[in-house]
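Me: I have a structure open on my screen and would like to learn how to read it. Could you take me through some of its features?

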Amino acid sequence: MKHEIIITARGHAGTMATLQSEFIAHLLHEAPDKSAFFRQHAPTVRALATFGPMIVDASVMDQLPKLEIISNFGVGVDAINLEHARERDIIVTNTPDVLNEPVADTALALILNTVRRLPQSERHLRGGHWPTKGPYPLTTDIGGKTLGVLGLGRIGEAIARRAEACGMKIRYHNRRRKDSPYPYDPDPVTLAKNSDVLLVVTPGGPETHKLINAKVLEALGPDGFLINIARGSVVDEPVLLRYLQEKKIAGAGLDVFVDEPRVPPEFFTLENAVLFPHVGSATVETRKAMGDLQIENLRLHFAGKPVKTRVV
Ligand code: 8YV
């Protein structure tokens, strides 16, 4: 017997295809009238398969009285109201670990591209400026510099390993100090002060909202770089923009933005910013592994077994 689920948004194609063949999958993003859609499927739907930044708030959950599980594609569950899920006894799952290494690869690439200004130097060549204006201006080594990791979890550790291989020194701040060989700073401002490159790799959500503010950027200073591969919400975006425009920090490498896929166009003209369109985990292998885990959690739940990667 096929179980009925709702898919909340257009996600990874292979995963969508499997979900649609294994389950009776109703597509929320294709429904012209969302309220009518929820009314129609409320009596039968027990699971949500959710993708990307699609908001799954209390009102979505409460339109589905039979909802038992929300299976998220992605490690970050900041788009889901976890408190409400807990109250309603709804299981929430995510896709941790399978993306640690590729996200860490992206982070290292972003650090190197930002500090060494490699995309800018390529633009210099493509723009035909090499013969006329001469070589691209010198940049800065990452070897010997300090990487401050804000949020030393599994992805943060994978990035730290790579940065160490490039000769960087590592320090970190977490809400709770952990058993780690790296020096600990008690707050983000101190970490920024002690870092040449400040890397944001915290979860999103209310607890980290605008954690990177003017005070932190001030502490990072005119020679410091900010790298964000976490969530746009962790950074006060207009303040960061001003610090970049006024060159009050040396540069920023951003894989995430507040209102994706919309990026404030003021960022496009900045010479001291490197911008990636949220590609941290965007490889064929990793997106398949994430989808497989999302589906496995649904299969386990419907088989009456404990899910594999439960958040709530
Ligand atoms: C994906 C992510 O871009 O796992 C996460 O939390 O942000 C990324 O891996 C996203 O989940 C794709 O929808």
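Me: Let me start with a side chain. How far is a polar atom of the side chain of N94 from the backbone oxygen of V75?

Reply: The general idea first: a polar contact is a pair of N or O atoms within 3.5 Å; within protein, one must be able to donate a hydrogen and the other to accept it, and residues adjacent in sequence count only if both atoms are side-chain atoms. Here the distance between the N94 side-chain atom and the V75 backbone oxygen is 2.9 Å. Before going on, please note that this is a predicted model, in which local features need pLDDT of at least 70 and side-chain atom pairs count only at pLDDT 80 or more, while totals for chains, interfaces and linings use all residues. Residues are numbered from 1 along each chain as its sequence is written, and side-chain values use heavy atoms, with hydrogens and water left out.

Me: Where does N94 lie, and is N94 buried or exposed?

Reply: Buried means under 20% relative accessible area, exposed over 50%, and partly exposed in between (1.4 Å probe, protein chains only). N94 has a relative accessible area of 9%, so it is buried. Its place is the loop between β5 (91-93) and α5; such labels are DSSP runs, numbered from the N terminus, with helices (H or I) of at least four residues and strands (E) of at least two.

Me: Which residues surround the ligand?

Reply: A residue counts as near a molecule if one of its heavy atoms lies within 4 Å of it. Around this ligand are G52, F73, G74, V75, G76, L99, R231, H278, S281, R287 and M290. By class, four are nonpolar, five polar and two charged; Ala, Val, Leu, Ile, Met, Phe, Trp, Tyr, Cys and Pro count as nonpolar, Asp, Glu, Lys and Arg as charged, and the others, Gly among them, as polar.

Me: Now helix α5. How many of its residues are buried?

Reply: In α5, 12 of the 16 residues are buried, so the helix is largely enclosed by the rest of the structure. Among them are P102, L108, L110 and I111. Helix α5 covers residues 100-115 and spans 22 Å from its first C-alpha to its last, close to the 22 Å expected at 1.5 Å a residue (1.5 Å times one less than the number of residues).

Me: What separates L110 from D255 in sequence and in space?

Reply: L110 and D255 are 145 residues apart in sequence, and their C-alpha atoms are 8.0 Å apart. D255 is in the loop between β10 (251-254) and β11 (273-275), and its relative accessible area of 1% is why it counts as buried. P261 also has its place in the loop between β10 and β11, and the peptide bond from E260 to P261 is cis, with omega near 5 degrees.

Me: What about a residue with positive phi, such as K247?

Reply: K247 is not a glycine, yet its phi is about 55 degrees. K247 sits in the loop between α11 (237-245) and β10 and, at 61% relative accessibility, counts as exposed.
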